[in-house]
Amino acid sequence: MKKTQFLVLTLSVMLAVVAPALATQDQEASQGSYDVVVYIDDTKVLAEDSNGQVISTGTAGTDDSEVVQAAVQAVGDGTVVLLAGTYALQNPIEIGVSNPTPTPTPTPTPTATPTPGTPDLVVTDVSWIPASPAPGDAITMKATIRNQGTGATPAGVIHGVAFTADGNLGSAVWSDSHTASIAPGEWITVTANGGVDGATWTAVAGTHTVTATVDDVDRMTESKDTK
């Protein structure tokens, strides 16, 4: 048996219950993407820093080597950009050419298939109608059941709750009408709709112990079958 909640009902004229409560580089150098840029402007060859300050200038086709050399010396350790153009380099110039290492395309990480969780139903509250019965009244039992597991309960399966009084199975009433899935953390309230001698009890004076058991006939797999 599983998920059993015991409640003590004292019945005379009353009933009591205890409930638990530097990104992609542009083809043209942009300001700030270099330390020094060398470019041809009509008949001039110029070297400027990233703030637009001219470092060296000369006649294009004649002074290219000197301007490029001045750009390299001005940087020391940094970035020199030669914009597209034709440069006449005649004197020895120490220029290191390197190609940036391409950033490898990351291999997509396969999305893991989630492992379905398992439901775990418990009774969290028991009540009755009428709330304050008198001896002889027909009592209809109700129970709140909660899924405290990690997976939803199966749809189409009866989420049954059995109620017994004073341990007497001959007095059993039950609810077997709820078949919709219950998600983890959600709860529902069910009402007794059947029983050994009908869906209600006849109130009798005295103190009685009521037991409410959810999934009493093991219709579904749960992470815990006892409580």
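Two strands are counted as paired if DSSP finds at least two bridges between them, strands being DSSP runs of E with at least two residues and helices runs of H or I with at least four, numbered from the N terminus. The model is predicted, so local features need pLDDT of at least 70 and side-chain atom pairs count only at pLDDT 80 or more, while totals for chains, interfaces and linings use all residues. Residues are numbered from 1 along each chain, and side-chain values use heavy atoms, without hydrogens and water.

Select residues 36-41 and 44-49 to begin. These are β2 and β3, an antiparallel pair joined over 6 bridges; within it, I40 has V45 of β3 as its bridge partner.

Next, display the whole open sheet, whose 4 strands run in the order β4-β3-β2-β5 with mixed pairing. Because β4 (54-59) and β5 (80-82) are edge strands with a single partner each, one side of each has no neighbour in the sheet.

Of its 22 residues, V123, M141, I145, V161, F163 and W201 touch the most other members. Strands β6 (121-129), β7 (138-147), β8 (161-165), β10 (187-191) and β13 (206-214) each supply at least two of its residues. A second, separate core of 14 residues includes V36, V38, A47 and V68.

Notes. A nonpolar core is a set of buried Ala, Val, Leu, Ile, Met, Phe, Trp, Tyr and Cys residues joined through side-chain atoms within 4.5 Å. Buried means under 20% relative accessible area, exposed over 50%, partly exposed in between (1.4 Å probe, protein chains only).
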